[in-house]
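Take a look at the model below with a viewer open beside you. We'll go from single residue pairs out to a whole interface.

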Amino acid sequence: MAVTVIGPGLGTEGGPRRARPAGRWQAARQALLREARRVVGAVIVVAFVVMAIVGPFLYPRHLGANANAVYAPPSLAHPLGTDFEGTDVLALLVVGARYVLVSAAVAGAIAVGLGALIGLVAGYLAGAVDWSLSRITDFALTIPQYPLLVVLAAVARFTSPLLIGVLLGVTSWAGLARAVRSQAFSLRERPYIEASRSLGLSTSHVIVKEMLPNIAPYVAMNLLVSMIGAIYLETGLFFLGVLPTNVSNWGVMLNLAVFSAGAIGSAQAVSYLLTPLIAILLLTLGIVFVLDAVDEFFNPRLRG
Amino acid sequence: MIEGRGLTKTFAGRGGLLGSAPVAALRKVDFVLPSGGAVSFIGESGCGKTTLGRILCGMEEADSGQLLFDGVDLTKLPRGKRLARLRRVQMVHQDPYSALNPTRTVRQVLEDPLRLRARQLGRGNDWVKNRAVELLGLVGLDPRYCLPQYPHTLSGGMRQRLVIARALSVDPEVLVADEAIAMIDVSLRLGILALLRQLRAELGVSVLFITHDVAAARYVGADGQLYVLYRGQVVEHGPVDAVIASPAHPYTQCLLSAIPVLRGLEEPGAEQLMPLAGLDVGHEPPGCLFADRCPQAEEDCTLSRPDLRDTGDRGHRHACLHPRLRQVVAQAHAGAT
Amino acid sequence: MRTSSADLPSPSTATAPPVTVPGEAGGAEIRGLVVVFGTPDGEMAAVNGVDLDLPLGTITGLVGESGSGKSTLALAMMNAVPKPGRIAAGSIRLPSVKDMTQLRGKALRLARGSALGYVFQASQNSLNPLKRIGAQLLDLGRAHGMEDKGVLLARARELCERMGLDPVRTLSAYQHELSGGMRQRVGIVFALILNPRVLVLDEPTTALDMISQRTVLDIVRDVHRDRHLATLIITHDIAIVADLADYLAVMYGGRVVEKGPTRHVLQSAAHPYTRGLIAAIPRISGDIEKARPLVGRPPDLLSIPRQGCVFRERCPLTIGRCSLEEPALVPVVKEPGGIFGESGDGAPGGHAAACHVTAPAGGDRSRS
C-alpha cells in the first residue's frame with residue numbers, strides 16, 4: 001500500500017486558536033480583577049493618591065488651633081480627635097499625605113530609573129563602560145544614606161517634598177543597578193538579543209524595547225518596594241526630629257505625638273499617635289497587595 | 001558569493017574535568033558559498049560548526065583567516081563597514097523558543113527591523129506594515145492571526161517560521177540555519193526545510209545549513225556541497241550526494257552509519273561503522289585528530305595529520321591517510337516509498 | 001525480524017476484549033487510561049481511553065507530536081501526573097504492582113523506581129547540579145530502603161560499565177562535567193539501579209547529535225535484552241524507534257490511532273496520520289522529492305475536537321462520517337497479495353488502526 005501524499009508543497013501552520021491578546025488597559029484590568037486582595041490594594045492606593053491630590057484644597061492653608069479642644073477624643077466634629085493644639089487630626093493626616101506620597105514617588109522613580117538604566121547599560125555594553133559604571137555604582141553603594149541625610153538636614157531646608165524625594169532617590173539606586181546589571185549580562189547572551197544586534201537595531205532600541213520589558217516586572221516591583229522604603233525612611237527621619245518639624249506630614253505628626261505630647265506615656269494622645277502609624281501601614285499594605293497584579297501585567301506569559 | 005579561507009578560531013579552556021586546555025573550534029577552514037547556493041556543514045556537537053555560523057553572522061570573530069564577500073576581504077574592513085556588510089547574513093537559530101523576545105508581539109518583531117530597512121530604502125510606514133504581512137505570508141503564517149500574538153502562543157514550527165521571516169526583513173543574501181530544525185517536532189520539520197528550499201528558489205537566498213541531520217542537509221541542498229567538520233577541521237567535502245553515496249573518511253562513515261534506519265522501508269548499509277570512543281576534545285594529538293576513535297587507524301595515523309586530498313572524484317576531497325570505501329547509508333526498498 | 005511479532009500478545013482494541021498471552025503476563029498493562037487536566041473551560045482529556053501492553057522482552061515505541069498526550073501517558077505510568085491533571089479512569093498493572101493508579105504516599109514512592117524505571121526527557125534537569133552522581137545514586141537507594149552502600153555501588157559500577165562509562169570518573173563527577181550523551185546514559189543508570197522490569201524513556205535522544213543518539217539507542221537495546229525488560233520509548237521521531245522498537249503505537253490528540261508490529265506499521269501504515277508522519281521524514285537515499293510535509297499543527301488540550309475523529313482537520317481523506325463519529329481502533333486487514341503475501345483473514349501481529357476510511361470497523365473490510 002502506497003503512503004498517501006499529504007498536502008501539496010509547503011506545510012502551513014496557523015489558524016485562530018486563542019482569543020487575540022488584550023490591549024494594555026484590558027490587560028491591566030484583568031490582572032487587577034483576578035484576586036480580591038489586589039482590588040483592595042488598588043482601592044487603598046487610589047484613596048491615598050486622591051487624598052494627596054485633593055486633600056490640601058479641602059482645608060485652609062493654616063489649620064486652626066483650638067485651645068478648648070486640646071486632645072479631644074474622637075467625635076463627629078473631629079473624627080480622629082485633636083492634637084496638643086486642638087487641631088483636627090484627620091485634617092493633619094489628609095494634608096500631610098501629599099508630602100509623603102510626592103516624596104516617596106519621586107524617590108522611587110529616581111532610584112528605579114537610575115538603577116535600571118545604569119544597570120542595563122552597564123550589563124549590555126559590558127567592557128569599559130561596564131567597568132566605569134560599576135565603580136560609580138560601588139561608590140554609591142557605600143554612601144551611608146542615613147548619616148548623609150542627617151548632615152544635609154543641617155544645611156538644606158526640607159520644606160519641599162521634591163527635595164527630600166530627590167535626595168532619597170539618588171542615594172538608593174545602586175542596589176538595583178547591581179541586580180539589573182547581572183540580569184542584563186545574562187539577557188545580552190540570549191539569541192533574541194543577538195538577533196536584534198545582527199539585524200542592525202540600535203543600542204537604545206535593544207536596551208529600551210528589547211531588554212527593559214524583560215526586566216519590567218522586576219523593575220516595577222522595585223519601584224513599589226523602594227517607595228515603601230522611602231516612606232519609612234522619611235517618616236523615620238522626621239520622627240527622630242532629624243528633619244525640621246515645620247512642615248506638615250505624617251512623620252512630623254509622629255514626632256510631635258511622642259516627643260511633644262508624650263503619647264507613649266499618656267492615653268490622651270493615642271489617636272494622634274495611631275493615626276499616622278495606621279496610615280503608613282495601610283498604604284504599605286495597599287502597595288503590597290497591588291504588587292502581584294503589577295507582576296502579572298508586565299509579564300505576558302502570566303496573562304492566561 | 002562568500003568565501004572562507006583558512007578560518008581559524010581557538011577558545012580559551014573553561015576548566016572542568018578536562019582541565020583548561022584551549023579548544024580549537026576551527027582549524028584553517030576553507031569553504032565557498034555561491035550566491036543562491038546551499039552549503040551544509042555536518043558534525044557532532046562540539047565540532048565547531050556553530051562557531052563557523054557565528055563568525056559568518058558577525059557574532060564572533062575569527063582569530064585568523066579571510067572572509068570574502070564577493071571578493072572583498074571583510075577582515076580588512078573597518079568595524080562599522082564590516083558589521084554593515086555582515087547584516088546581509090542572518091541567523092536562523094536552533095531554538096525558536098529563545099530566539100524570540102517573549103515581551104514583543106509578532107508585529108513588533110517584524111516591524112522593528114523593517115523600519116530600519118524602510119529608512120535605507122526611503123519607504124514609509126505603509127510599506128513597513130505591508131511588508132510585515134507579506135513576509136508572514138511568504139513563510140506560511142496567517143498574518144491576521146499572528147500579528148497581534150506573543151511568541152508563547154505559537155507552536156515551535158510557527159516560531160521558527162517567524163524567526164525566518166524576521167531574518168528576511170533585512171533582505172539578506174545568506175541565511176545561516178544552525179540546527180534550525182533540531183528542536184521542532186519531526187512532523188513539522190520538513191515544512192521548515194521546504195521553506196528554506198523555497199526561499200532559495202524564489203528569492204535567490206543562499207543557505208549555510210549547519211546540522212547533524214544529513215538527510216535534512218540533503219533535502220535543503222541536494223545540489224550543493226557538504227562539509228564534514230571534525231574538531232574544527234574539514235575532514236571531507238564534496239557534492240552532497242557524492243559524499244553520502246561514497247564517503248571516504250571513516251568519520252563521515254561513522255556519522256552516516258548513525259542515521260536511524262526505517263526498517264521495513266530501508267535496508268541498513270552493508271558496512272556500518274561506529275567510533276571506538278566518545279568525543280574527547282581535551283588532548284591535542286600530533287597526528288590525525290580522529291585516530292583515537294577510528295576503527296581502522298594504523299600506526300602512522302597517530303604520527304602525521306593529513307590534509308585534504310582528492311578522492312579521484314571531481315571536487316570530492318578527504319583528509320584520511322588510509323581511506324576505505326564502504327557502503328554505510330541505508331537504501332530504500334525498491335517497492336516501498 | 002519476524003520473531004518478535006509472533007510472540008506478541010494481541011493488543012486490545014475498542015471492539016475486542018484485551019487478551020493476555022499466558023506466561024507473558026510479566027510486563028505492563030494499561031487499560032482504558034484517561035488523564036484529564038483542569039482548564040478554565042472545564043476538564044479536558046489529555047489521554048483518552050488508551051489500552052497498551054508492554055510485554056517483557058519487547059521494545060514498544062510510542063510516537064506522537066507535542067500535545068499528543070504521550071508524555072502525560074508516561075507520567076501516568078508513574079502515577080505522577082502534575083496538577084491540575086489527574087488520572088480519571090483506567091488501570092496500570094506493572095510486574096509487581098497490581099494497579100499503579102491506586103497507589104498513594106509511601107507505597108507509590110517505593111513503587112516508582114523499583115517497579116518502573118523512568119528516564120526523563122532532559123536528564124540534565126533531573127540531576128542535582130550540586131551533588132556528585134554517586135551521592136545521588138546512594139540517596140535514591142536510601143529513599144527505597146536500600147541501606148547497603150556496597151551492593152548499590154557495585155550495581156552502579158556494573159551499570160556504568162555496561163553503558164560504556166568510566167565508573168570511577170562518572171560516579172565522582174558533577175552533572176555539568178558530563179556531555180549530553182553521557183548524562184542520558186547516567187539517566188538510564190538511575191532508572192535501572194533498583195532493578196525494575198519496566199523501563200520508560202521519554203524522548204531519550206532529544207538534543208543529542210547522531211552519533212550520541214545511536215550510542216544511547218544501542219545501549220537501550222542491549223540493556224533491554226540483557227535484563228529482559230519491558231521497554232517503552234516515547235518520541236516524536238518515528239525514525240528513532242523504527243530502528244529499535246518491535247512494536248509501535250502512534251498517538252494523536254490523546255488517543256492511540258494506530259498500533260502494531262513496527263514493520264507492519266511502517267510498510268503498510270493504515271492511519272492517514274501515520275502515513276503523513278512517515279512521508280515527512282527526509283531520507284538519506286532514494287528520491288528526496290518524495291518527502292512531503294505534514295500540513296497543519298498538532299492540537300493542544302483546548303483544541304482537540306470533542307466529537308468525531310481527532311485528526312480530521314489535517315486529514316486528506318476525511319469524509320462526512322469523520323466529523324460525527326469517533327473511529328474505533330480495529331484490526332487492519334491486509335489486502336490479498338500484499339507485501340507479506342498474507343491473505344485477508346486477520347491483522348498481522350495485532351496491527352490496528354482507528355480510521356473510518358482506511359480501517360472501517362465491521363463488515364466491508366476487503367475494500368480497505
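Let's start with Arg38(A), which forms a salt bridge with Glu35(A), the closest N and O atoms being 3.6 Å apart. The term salt bridge here means a side-chain nitrogen of Lys or Arg within 4 Å of a carboxyl oxygen of Asp or Glu. Arg37(A) also forms a salt bridge with Glu35(A), and there the closest N and O atoms are 3.3 Å apart. What about exposure? Arg38(A) is buried, with a relative accessible area of 5%, while Arg37(A) is partly exposed at 35% and Glu35(A) is partly exposed at 33%. For those labels, buried means under 20% relative accessible area, exposed means over 50%, and partly exposed is in between (1.4 Å probe, protein chains only).

Before going on, a word on what you're looking at. This is a predicted model, in which local features need pLDDT of at least 70 and side-chain atom pairs count only at pLDDT 80 or more, while totals for chains, interfaces and linings use all residues; side-chain values use heavy atoms, with hydrogens and water left out. Residues are numbered from 1 along each chain as its sequence is written, and chains are lettered from A and ligands numbered from 1 in the order in which they are written.

Now zoom out to chain A. The secondary structure of chain A comes to 11 helices and zero strands, where helices (H or I, at least four residues) and strands (E, at least two) are DSSP runs numbered from the N terminus. Chain A has 304 residues, and 47% of them count as buried. Take the contacts in chain A with a separation of 6 or more: 70% of them come from residues 24 or more positions apart. Contact, by the way, means heavy atoms within 4.5 Å.

Is Ser103(A) buried or exposed? At 0% relative accessibility, Ser103(A) counts as buried. Its side chain reaches the backbone oxygen of Val100(A) at 3.1 Å. The side chains of Ser103(A) and Glu234(A) are joined by a polar contact of 2.7 Å. A polar contact is a pair of N or O atoms within 3.5 Å; within protein, one must be able to donate a hydrogen and the other to accept it, and residues adjacent in sequence count only if both atoms are side-chain atoms. Leaving out residues up to four places away in sequence, Ser103(A) touches Pro161(A), Ile164(A), Gly165(A) and Glu234(A).

Back to charges. Side chains of opposite charge can pair when their charged atoms come close. Over all chains, the count comes to 49 salt bridges. In chain C, the side chains of Arg162(C) and Asp226(C) meet in one of 2.5 Å, N to O. That pair links distant parts of the chain, with Arg162(C) in helix α6 (residues 149-162) and Asp226(C) in helix α9 (residues 210-227), 64 residues apart. Arg162(C) is partly exposed, with a relative accessible area of 34%, and Asp226(C) is exposed at 51%. Over in chain B, a network of salt bridges links Arg104(B), Arg107(B), Glu111(B), Asp112(B), Arg115(B) and Lys129(B).

Finally, look at where chain B meets chain C. This contact takes 51 residues from chain B and 42 residues from chain C. The area buried between the two is about 4,200 Å², of which carbon and sulfur atoms give 60%; buried area is the accessible area (1.4 Å probe) that two parts lose on being put together, summed over both. How many salt bridges are there between chain B and chain C? The count is three, and one of them pairs the side chains of Glu266(B) and Arg283(C) at 3.8 Å, N to O. There are also 16 residue pairs in polar contact between these chains, both residues at pLDDT 80 or more.

Which element gives the most to the side of chain B that touches chain C? That's α7(B), with nine residues. This helix has 18 residues, and 14 of them are buried, so α7(B) is largely enclosed by the rest of the structure.
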